[in-house]
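Reader: I would like to learn how to read this structure feature by feature. Where do we begin?

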Amino acid sequence: MYRYDDYDQRLIEERVRQFRGQVERFSAGELTPQQFLPLRLQNGLYKQRLAYMLRIAIPYGTLAARQLRKLAEISRRYDKGYGHFSTRQNMQLNWPELHDVPDILAELASVQMHAIQTSGNCIRNTTADHFSGVAFDEVEDARPYCEIIRQWSTFHPEFAFLPRKFKIAVCGSAQDRAAIHVHDIGIEIVRNDRGETGFKIMPGGGLGRTPVIAETICDFLPKQHLLTYLEAILRVYNQLGRRDNKFKARIKILVRAMGIDAFRARVEEEWKVLKDGPNTLTEEAIAHAKSFFQSPSYSALDDSAAEATLAREVAGNSAFARWLKHNTARHKQPGYAIVTLSLKQTGFAPGDATAEQMEAVADLSERYGFGEIRVSHHQNLVLPDIRKEDLPALWRELTAIGFATPNIGFLTDIICCPGGDYCSLANAKSIPVAEAIQRRFDDIDYVYDLGELDLNISGCMNACGHHHVGHIGILGVDKKGEEFYQVSLGGNQGKDASLGQILGPSFSQAEVPEVIATVLQTYVDQRTEEENFLDTFRRIGLEPFKERVYVRA
Amino acid sequence: MSELNRPLIKNGAVVEDQWQVLREVPEQGLPEGAVIVPLAYWQEHRAELVQREAIGVWLASDQPPAALAEDLPKLAVVAIDFPAFTDGRGFSYGRALREHYRYQGEVRAIGQFLQDQLHYLRRCGFDAFALETADPFKALSSLEVFSEGYQASIDQPLPLFRRRAYI
């Protein structure tokens, strides 16, 4: 884990003081609501339907046990005792009072946390693969570079008033677990022919009203140039991005309008000025960042002995067997496993955790791991370093707190934004739709039979629920004041990312579960033995699904 | 508001502004004294304007400083307009003036920027602020809200990662 030094600590404390002063000026009428708006947004404070919402940054989704305990404490003391983990690895509180927010920020600062730039037209929290550092298929750990980007982007004086928000994601693995193709800049750590690692830079991806898969601007950027190159991209965007229409202000629109080659030429021109300048990373700076993310002191374990223990447990316990198969992932270290905690139990809003659950997870991370927790953009939590021999005991404890639903990567592991229950932007509710689908598909064996399936729900075009890149996407739309849902198929967020195609006219909330059932039955009828949903869709296209769904009407 | 006629934050203090910003040039021509003219007017009347003792030019937010590249040695002030505080193009223009064109004169912010932007503006190379949206005396403290910055900037050319003591 990164640990703040005096510089980092001083800066976040100064930020708390600054925001306290801004709240006072606003309360005294010295700042208009319009003037206060971007100031509070750059501290993660939104106004929602019924209350303020505070979005707390969890840089690249990594938390220490004491930080998670602090989040629990804050949610209990200043909110209603729960928090929501978002698709950008942040945590949101739904009911804070404005006058408490400076105190909340001070509490966060006491555990090296903040809410800086979690909203507003600035560089947002940098997200990463939630398995960074423990994945077996990793070229290099993304977190040191994320921390370097975090520091560079924090209070960047030039880029705090961009045309629109700006999101960066980094992935260092063969498998993309950070949705890097649908970010304003996606960064993939790659290795070149000479065995050196560097970055593939992909600007201009994004979801929202105009979903776009990012294009590549640079296939291999040597490490030392990371910040100067990012700065060149941001500088071009800051000057040329559209400011006349907020729906056309994201970098994806600029890249598309210019064309990737013209955009690259412009960036390179800007980069000439910056390249090899003082922002060029030094070996020491990279080594320093990496020093915080060294592997913990793993024990030398006998992997086959651990596997044998698990096999015995599995033989007599089908519930454990299911969980083991689906909620644990291969770890780079023999004898260890990565455990995903499902925050997708039917009856609870996807991504929500109570203060008690957060505290329990913090305890488990210390008892069974090295006191570290990850947040995934799938809105689940991850315990990254668990001894295989401890898995049965951990499973029992997770079952007791409701985080052991064995559905990771399957239909009911739904990504879902807070939607119309909370959000003032939403056209429609999304949480009840997720719940209705989870209830409709309560037969876990059928869910397993369907294979890997991403079902993503957004309550509006802003696409916080990533509906465009769900194998099945559901989008809330407003039809003459009524809530309807548009279904799309064939989206994907991996390295072969694709955008979903709209099935047809939208449905009422009550119809959605049966529509999904028909879509899935169509897939089951058409699939070959080896195919998952996405494969079948890519082979047969939209038509067969369309015919089956709309024939009912 | 302040008691000064035309208060200007300059080099960390509030002073009386010696310059007149002409949003538009009056039909009867330029007034006496130090004036800051629109870019188009400068481009049209360059030859006569350089004869004046003191001349400055202001750039609208869609006029990058490249338009002045050749002229900068002749200008005592380049002002950059913020039509709305949310329009952040001027931050990049400030840096370009200082870093790219090595401009040494006054870089002044004019328009609708906020007190809360003073610190970032200063780090981007601005050294004068004609603040209209708040009392400049009360706003002075906002110049120094942060005692450090991570990035390379005009006031601190070395990023923090080059200044930290690594063990």
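**Strands, helices and loops**

Author: We begin with strand pairing in chain B. Strand 1 of chain B and strand 8 (residues 128-129) of chain B run antiparallel and are joined by two bridges. Keep in mind that this is a predicted model.

Reader: Which residue of strand 8 of chain B stands opposite B:Ile9?

Author: B:Phe129 in strand 8 of chain B stands opposite B:Ile9. In strand 2 of chain B, B:Val14 is opposite B:Ile9. Strand 1 and strand 2 of chain B pair in the antiparallel sense over four bridges.

Reader: How many residues lie between strand 1 and strand 2 of chain B in the hairpin?

Author: Two residues lie between them. Look at B:Asn11 in the turn: its phi is positive, about 50 degrees, although B:Asn11 is not a glycine.

Reader: Which residue of chain A has a positive phi although it is not a glycine?

Author: One case is A:His466, with a phi of about 55 degrees. A:His466 sits in the loop between strand 17 (455-458) and strand 18 (472-479) of chain A. The cut-off for buried is 20 or more other C-beta atoms within 10 Å. A:His466 has 24, so A:His466 is buried.

Reader: Which loop holds A:Gln89, and what does A:Gln89 touch?

Author: A:Gln89 lies in the loop between strand 4 (82-85) and strand 5 (91-93) of chain A. A:Gln89 counts as buried because 26 C-beta neighbours lie inside 10 Å. Setting aside residues up to four places away in sequence, A:Gln89 touches A:Ile58, A:Tyr60, A:Gly61, A:Asn125, A:Thr127, A:Val375 and A:His377. Take A:Gly61. It is 28 residues from A:Gln89 along the chain, yet their C-alpha atoms are separated by 5.0 Å.

Reader: Now a sheet. What is the strand order in the open sheet of five strands in chain A?

Author: The order is 6-7-8-9-10, with mixed pairing. Strand 6 (127-128) and strand 10 (218-222) of chain A each have a single partner strand, so they stand at the edges, with one side of each left without a neighbour in the sheet.

Reader: In which sense do strand 9 and strand 10 of chain A pair?

Author: Strand 9 (residues 197-203) and strand 10 of chain A pair in the antiparallel sense, over three bridges. Across that pair, A:Gly198 stands opposite A:Pro222 in strand 10 of chain A.

Reader: Which elements do the buried residues of helix 7 of chain A pack against?

Author: They pack against strand 9, helix 6 (226-240) and helix 8 (260-274) of chain A. In helix 7 (residues 251-258) of chain A, the buried residues are A:Ile251, A:Lys252, A:Ile253, A:Leu254 and A:Val255. A:Gly259 follows helix 7 of chain A, with a positive phi near 85 degrees.

Reader: How do I read a helix pair?

Author: Start with the general idea. An α-helix has 3.6 residues a turn, so residues three or four places apart point the same way. Then take the axes. Those of helix 3 (residues 65-78) and helix 4 (residues 101-109) of chain A come within 10 Å and cross at roughly 165 degrees. That angle makes helix 3 of chain A roughly antiparallel to helix 4 of chain A. The crossing is right-handed.

Reader: Which residues meet between helix 3 and helix 4 of chain A?

Author: A:Lys70, A:Ile74 and A:Tyr78 in helix 3 of chain A meet A:Ile104, A:Glu107 and A:Leu108 in helix 4 of chain A. By class, this contact has four nonpolar, no polar and two charged residues.

Reader: At what angle do helix 12 and helix 13 of chain A cross?

Author: The axes of helix 12 (residues 355-368) and helix 13 (residues 391-401) of chain A cross at roughly 175 degrees and come within 11 Å. Helix 12 of chain A is therefore roughly antiparallel to helix 13 of chain A. The contact has five nonpolar, one polar and one charged residues.

Reader: Last, the interface. How many residues of chain B are in contact with chain A?

Author: 30 residues of chain B are in contact with 30 residues of chain A. Helix 2 of chain B gives the largest share of the chain B side, five residues. By class, that side has 15 nonpolar, eight polar and seven charged residues.

Terms used. Residues are numbered from 1 along each chain as its sequence is written. Chains are lettered from A and ligands numbered from 1 in the order in which they are written. This is a predicted model: local features need pLDDT of at least 70, side-chain atom pairs count only at pLDDT 80 or more; totals for chains, interfaces and linings use all residues. Two strands pair if DSSP finds at least two bridges between them. A residue is buried if 20 or more other C-beta atoms lie within 10 Å of its own, exposed if 12 or fewer, and partly exposed in between; C-beta atoms are placed from the backbone. Two residues are in contact if their C-beta atoms, placed from the backbone, lie within 7 Å. Ala, Val, Leu, Ile, Met, Phe, Trp, Tyr, Cys and Pro count as nonpolar, Asp, Glu, Lys and Arg as charged, and the others, Gly among them, as polar. Axes are lines fitted to C-alpha atoms, for helices over the stretch in contact, and angles run from 0 to 180 degrees between N-to-C directions. Angles under 35 degrees count as roughly parallel, over 145 as roughly antiparallel, 65 to 115 as roughly perpendicular and the rest as oblique. A crossing is left-handed if the near helix is turned anticlockwise from the far one by less than a right angle, and right-handed if clockwise.
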